[in-house]
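Let's take a friendly look at a few spots in this protein model. Have the sequence and the 3D view ready as you read.

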Amino acid sequence: MKEINLKINKLQFYWRLINKPNRDKGAIPSFLPFVMDFDVKNGLLIQKRNKKVLDYLDVVYKEEYNIGNMQSLNDRANLYSQDFLDFILKSTKKHGKRNLEILEIGCGGCMLLSELQSKGHLVTGIDPSPVSVFEGKKRKVKVIQDFFPSKKLTDKFDMIFHADVIEHVTNPITFLKQQYRSLNEGGLIAITTPDCTENIKHGDMSIILHQHLNYFDIESLKSTL
């Protein structure tokens, strides 16, 4: 690893909330340090791993907070999720099997899983947030409350997908390898992640936030995959 010269001692710690979280908001600090770093092997711009920041992120993900966009009350998510859903449906047709066993990692409001289930696919979601479990019950979608990988998840799948998750994980390559091991023969992995190509090119610091540990441009995403 080669450290680059960008350190912010106090950067606002931003997250989205559901309407009535059980946890006291004061438990999460308003500001935390941020240091940008660089993964030379994969040409990937990353946030330097800071245990304190990672621990607070775990709290946010596990409690009744939800930073994901894929929720039914989010108008922007409806358009975004429809595009990704169309891509997934095209991919399922290429697989050849009629009813696929599908896993979504970080399933948020279970919008995509619900749509896929309505088309006959056998779906499972995994997410550490109780918000996702609640939404899963409401939509009659199976949700495992945990991070991926999990000892609670022993099945293999024809497709694994995640929307805007890989930028949040500590080790994206290990994360993808773990998914590969959870695939059936001929299985597929589909992902979305923010494209930071132009932001990096122009030095646009507006992309920086604590939740994003990895900032992919086209080349670093190809290398990681």
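E167 is buried, with a relative accessible area of 1%. Here, buried means under 20% relative accessible area, exposed means over 50%, and partly exposed lies in between (1.4 Å probe, protein chains only). This is a predicted model, where local features need pLDDT of at least 70 and side-chain atom pairs pLDDT 80 or more, while totals for chains, interfaces and linings use all residues. Residues are numbered from 1 along each chain as its sequence is written, and side-chain values use heavy atoms, leaving out hydrogens and water.

You can find E167 in the loop between β7 (157–163) and α5 (172–181). Helices (H or I, at least four residues) and strands (E, at least two) are DSSP runs, numbered from the N terminus. Beyond its neighbours within four places in sequence, E167 is in contact (heavy atoms within 4.5 Å) with residues including T192, T193, P194 and F216.

| Residue | Relative accessible area |
|---|---|
| C110 | 0% |
| C196 | 5% |

How far is the sulfur of C110 from the closest cysteine sulfur? That closest sulfur belongs to C107 and lies 4.0 Å away, which is too far for a bond. A disulfide is a pair of cysteine sulfur atoms within 2.5 Å, and by this rule the count is zero.

Now look at helix α3 (residues 111–118), where M111, L112, L113 and L116 are buried. An α-helix has 3.6 residues a turn, so residues three or four places apart point the same way. After α3 comes G120, with a positive phi near 100 degrees.
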